[in-house]
Number of protein chains: 2
Amino acid sequence: MEYTVQKLAQLAGVSSRTLRYYDQIGILTPARVNSSGYRIYGQKEVDRLQQILFYRELGIALETIKEIMTAPSFDAEKALNEHREQLLKKRKQLDLLITNVEKTIASAEGRMNMSDQEKFEGFKKKMIDENERKYGKEIREKYGEDTVNQSNAKLMNMSQEDYEAVTKLEAEVREALAEAFATGDPAGELAQKAAELHKRWLTYYWTEYSKEAHAGLAQMYVEDERFTAYYDKEQPGMAAFLRDAVHIYTGQK
Amino acid sequence: MEYTVQKLAQLAGVSSRTLRYYDQIGILTPARVNSSGYRIYGQKEVDRLQQILFYRELGIALETIKEIMTAPSFDAEKALNEHREQLLKKRKQLDLLITNVEKTIASAEGRMNMSDQEKFEGFKKKMIDENERKYGKEIREKYGEDTVNQSNAKLMNMSQEDYEAVTKLEAEVREALAEAFATGDPAGELAQKAAELHKRWLTYYWTEYSKEAHAGLAQMYVEDERFTAYYDKEQPGMAAFLRDAVHIYTGQK
DNA sequence: TATTGACCTTTACGTTACGTCAAGGTTTAT
DNA sequence: ATAAACCTTGACGTAACGTAAAGGTCAATA
């Protein structure tokens with residue numbers, strides 16, 4: 001079956017302008033152009049457009065889609081399976097939002113209380129996801145190996161006094177964190193105090209402190225299972241809670 | 001709890017630029033501005049931002065959101081219930097897309113066949129939904145009452161001959177439609193023939209024919225249950241099928 | 001106390017993915 | 001043959017920010 005711009009647009013539920021734009025940026029060129037300059041699309045283009053729309057639905061920029069699809073390693077079938085997974089993820093996220101709105105209704109009716117944190121559950125998830133994809137590896141490379149090594153180096157040179165102080169601080173962090181965790185609010189006073197203690201503890205290990213690095217490390221606590229295991233030992237979710245508290249404390253994205 | 005731009009942005013998962021922009025367009029102004037010009041947000045603003053994000057999630061333009069929320073008739077609780085419904089709709093639509101991708105995988109593996117129509121199931125739905133919200137009423141007003149009245153007037157003046165011809169055409173339309181419906185492809189030859197017959201039948205009733213009006217009427221077949229009942233009598237889904245066929249035939253959105 | 005670094009401000013230009021004319025050629029139907 | 005409904009290529013407009021520049025503010029540190 002062959003389609004003109006408008007027919008294909010109608011079929012796919014997009015505008016003809018969109019198809020012309022896609023031709024312009026070279027992401028979807030017609031099978032051929034007839035003698036009077038009309039764009040004619042064939043079966044291959046129909047399938048390609050479908051693929052493009054799947055990617056678009058997931059919020060991926062057209063430029064990126066183009067790169068993905070023109071890469072020699074592109075595997076259409078594999079892509080479809082990824083689409084499926086991403087769509088399922090998206091549905092989970094939507095479910096979070098629905099839970100959120102239901103909680104908000106209940107809270108408006110006075111049937112329950114909601115922290116400010118909870119009010120944005122489901123919105124945020126998306127951003128964190130993107131951040132993880134974008135920066136996850138980078139953060140690890142930047143703040144992971146390097147600072148861990150530095151930490152060790154510094155630890156070697158610590159005096160007995162320092163060592164005792166740092167051990168005591170560590171206990172205080174854990175204690176404050178457990179107390180804060182019970183409140184459930186990483187923006188609360190207790191959690192912010194825990195974040196501050198965590199910072200003071202950190203400065204014993206780091207040669208220099210920056211909010212950015214602090215936030216990066218907190219993110220790593222959730223991403224790297226060795227850290228997660230350490231913090232979640234007593235209470236599952238503690239690592240994530242600490243990360244949230246630190247991110248608010250540092251005000252860092 | 002009071003928040004500076006960055007803190008609120010962090011809380012809600014948006015950028016500080018976004019908050020400044022929202023202030024600029026007057027959709028979310030801070031509770032107050034401190035002595036050095038810093039924006040300070042309070043509880044009311046947190047809740048308002050949450051509402052805005054719900055609307056935004058549903059793809060509504062900020063300008064429209066602003067109009068909705070500043071209208072004197074705005075009822076926050078009612079809005080939340082609508083959000084819930086819209087989000088549930090969105091989930092249904094997502095399920096359609098997931099079904100689509102699964103079908104596509106199956107078809108790529110040769111386990112089943114898919115029509116071009118089916119390949120865009122779930123993408124299109126969104127547009128139709130928007131069209132309905134935007135133009136549904138307008139179409140009904142434009143092509144509904146008016147053309148129905150005109151039709152009646154013309155019918156009154158029909159000759160016996162014309163009447164017989166139109167009755168025969170009506171039977172042909174139904175026959176062609178039933179045949180086409182069995183193929184399941186509204187873009188196919190049979191369906192397009194049915195659409196053409198439908199047009200010829202229409203011209204007996206209408207003083208003037210236009211593709212736009214034809215497409216509008218077809219849309220009404222699905223929206224107005226009196227029409228839907230008539231066409232779906234023999235086969236449920238027939239009205240929608242006819243609409244699709246006519247929309248492709250007329251190439252109209 | 002001075003400095004530094006992370007905040008905050010406004011101004012302003014850039015970007016993405018199209019929507020929307022405008023001006024003109026082509027195809028189809030009456 | 002004339003009109004209606006296609007198609008084409010510009011080209012400018014728009015929404016919702018991102019991003020960079022230039023400069024004040026504030027808390028912590030040397």
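Author: Let's begin with the contact between the chains: 52 residues of chain A and 52 residues of chain B take part in it. Keep in mind that this is a predicted model.

Reader: How much area is buried between chain A and chain B?

Author: About 4,900 Å², and carbon and sulfur atoms give 64% of that. The interface of the two chains also has 6 salt bridges.

Reader: What makes B:Arg91 and A:Asp95 a salt bridge?

Author: The rule asks for a side-chain nitrogen of Lys or Arg within 4 Å of a carboxyl oxygen of Asp or Glu. Here the N to O distance is 2.6 Å, so the pair counts as a salt bridge. Over all chains, the search finds 20 salt bridges.

Reader: What does the salt bridge of A:Asp23 and A:Arg39 tie together?

Author: That pair meets at 2.7 Å, N to O. A:Asp23 sits in helix α2 of chain A and A:Arg39 in strand β2 of chain A, so the bridge links parts 16 residues apart in sequence.

Reader: Why are α1(A) and α3(A) called oblique to each other?

Author: Their angle is about 45°, with the axes 11 Å apart. Roughly parallel needs an angle under 35 degrees, and roughly perpendicular starts at 65, so this pair is oblique. The crossing is right-handed. On the α1(A) side, the contact is made by A:Leu8, A:Leu11 and A:Ala12, and on the α3(A) side by A:Val46, A:Leu49 and A:Leu53.

Note on methods:
Residues are numbered from 1 along each chain as its sequence is written. Chains are lettered from A and ligands numbered from 1 in the order in which they are written. This is a predicted model: local features need pLDDT of at least 70, side-chain atom pairs count only at pLDDT 80 or more; totals for chains, interfaces and linings use all residues. Side-chain values use heavy atoms; hydrogens and water are left out. Axes are lines fitted to C-alpha atoms, for helices over the stretch in contact, and angles run from 0 to 180 degrees between N-to-C directions. Helices (H or I, at least four residues) and strands (E, at least two) are DSSP runs, numbered from the N terminus. Angles under 35 degrees count as roughly parallel, over 145 as roughly antiparallel, 65 to 115 as roughly perpendicular and the rest as oblique. A crossing is left-handed if the near helix is turned anticlockwise from the far one by less than a right angle, and right-handed if clockwise. Contact means heavy atoms within 4.5 Å. Buried area is the accessible area (1.4 Å probe) that two parts lose on being put together, summed over both.
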